[in-house]
Amino acid sequence: MYTIVVEGVLPELDGGRHPVKRLVGDVYEVGADIYRDGHDTIAARIRHRGPGEEEWRQSPLAYEPAEDRWYGSFALDRIGKWHYTVEAWTDRFGTWRGDLEKKVAAGQDVTPELLEGAELIEATARRAWFGEARTALRAAAQRIRDTDIARSARITAALTPELHALVETHYVPDDVTVYDKELELYVDRPRAGFAAWYELFPRSQSLDPKQHGTFDDAARRIPRLAELGYDVIYLPPVHPIGRMFRKGKNNTLTPEPDDVGSPWAIGNENGGHTAIEPALGPIEDFDRFVRFANDHGMEVALDYALQCAPDHPWVQDHPEWFHVRPDGTIKYAENPPKKYQDIYPLNFWCDDREGLWNACRDVLFYWIGHGVKTFRVDNPHTKPFAFWEWVIDEVQSKHPDVIFLAEAFTRPKKMKNLAKLGFTQSYTYFTWKNTAFELREYLEEMTQTEMAEYFRGNFFVNTPDILHEYLQHGGPQAFRVRLLLASTLLPLYGIYSGYELYENVPVRPGSEEYMHSEKYEIRVRDWEAPGNLNPMIQRINRARRENPALQRYPNLQFHRSENDQILFYSKVAPDAGNYLLMVVNLDPHRPQETMVHVPLELLGLTEHEPYTVEDLLTGARYTWRSSRNYVRLDPHSQQAGHILRLERG
């Protein structure tokens, strides 16, 4: 018995333990090492099955001699979980056909070979599914074995491409070797891979600083946010806020009677995770807010924070779901030196684990029923990995279009594992990467290694918890720089409201928390205050929507800049004729100049050919020649950098 070996199948994540990720509409490329003993020809294919399909589909694999490897692909035409594997077999007809061609070229007698081929074709005919194919195959076999016609005519009949294709279609191999794993692939909807997020607190959307905002107040901002080009409106928790140990302004433990508390301290006498804070309006108002956002081409993302205030209904009804101390008290959350007396963490390994897990899952189902298909998950690294793998599968098996964003600022391996377990997107360390070296190193890992198969970074420029010192000390230009980087390095990015107004005052020196943090109080702003960042945001989001290169993840490449204060990188989509060069001054204080080395070959240009690039931020056009070109960026001119699009023709 001859042996066929199938190994080295890629993409494959952790030996098939986890699925890789793609977007609907992608073409999924597969490679494999396939070989056998002896000299017979091999044929191979990918077997793949989409969500809800019972029958396998097949796509051919072709051999690349230069790499000694097989490659093939198939189109991803629906969202959800896919399965695929690779199989190979001896191509007996191909082997026979190749030997026949060699012997004919050598002038040898091929009478025995013609008879052998006729038998092989006849055997294929007996297994053909369609009568028309059986008839054609049998006619070919008869002609090849017919000694009453010229030998050259028999040979010609044996070597026709039509016969080869017919046999390939209907041949049933007798020695199929299947790869030892059935691999998984999760296909998401497009917004899982390309979107601009905007985070806002509905309670701060009133026009009166003394008045608690509502969903209707927040809805008034939707048309403008849509005009600015945002795709997702992310709301921190909208549930009733605990009254016991409520935090006051700037996280004080002595709140005033009118302090609104932290939305992440979930639950009071009005309900828990499936209830609305009464001051925001009833559930009908929330539903209307979601529909209004959808009507403007946006969707609403909701915070999913699995923790409870001391007066959450679960504390009364299911005290066993929490960490109970020996003295009978329930343990509150701590992250020394920080203490969160207003929050009780859940005990996911309590005796009633099944009841707790089901209740947490049903919270998601409730909000999905109210039109929410995207969840930003608070601190998932503090909950069991097993829970996330289970609950995400439970939800996506019924609602494959649901998106989960992991807010896990923790150790790299934990962040990566959460992505492997099913999280659609992930927060990143982008906020703390501010030098050219740091950005290149981090982005190359994210986009050019196996990490790109499963980890989709979402570059938030700030959050209610993170005001980096770069923004604190860099002035408005620092905000422009970080916005430009976040929106062009990866297809997913977001801002927390107030960024467009350059809010940069920390609660104290050395802290990354905001003074007068919106986590603990209502903040009413003039969103169109003079000098705001909205015009730049609008131009960037328009460029992102109009340029396919900015909508793709692994196409990022860094290029040489002779000054490390200026970062130079490209994103290209050759199939769409879209070629972009980004140049960013990382120094928010001083003008910087450099010579950038343009990747002419990547752009399809020759060394001495002049070419024109258009700056999508300003509309300016520049004619460059050769690979080495001069750039100067002055922060005092408010020019953080360039998004340069190569003009063709």
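Which residue in β27 does Val613 stand opposite? Val613 stands opposite Tyr622, in a model that is predicted, where local features need pLDDT of at least 70, side-chain atom pairs count only at pLDDT 80 or more, and totals for chains, interfaces and linings use all residues. Residues are numbered from 1 along each chain as its sequence is written, and side-chain values use heavy atoms, with hydrogens and water left out.

**The sheet**
- Six strands form an open sheet in the order β22-β23-β24-β29-β26-β27, with antiparallel pairing; strands are DSSP runs of E with at least two residues, helices are runs of H or I with at least four, and both are numbered from the N terminus.
- At the edges lie β22 (556-558) and β27 (621-624), each of which pairs on one side only, where pairing requires that DSSP finds at least two bridges between two strands.
- Strand β26 (residues 611-615) pairs with β27 in the antiparallel sense over four bridges.

**Helices on the sheet**
- Helix α13 (residues 436-448) lies across β22 and β23 (566-573) and runs at about 145° to β22; angles run from 0 to 180 degrees between N-to-C directions, with axes fitted to C-alpha atoms, for helices over the stretch in contact.
- Helix α14 (residues 469-489) also packs on the sheet, where it touches β22, β23, β24 (578-585) and β29 (641-647), contact meaning heavy atoms within 4.5 Å.

**Arg22**
- Arg22, which lies in strand β2 (residues 20-23), counts as buried because its relative accessibility is 18%, and buried means under 20% relative accessible area (1.4 Å probe, protein chains only).

Key. Buried means under 20% relative accessible area, exposed over 50%, partly exposed in between (1.4 Å probe, protein chains only).
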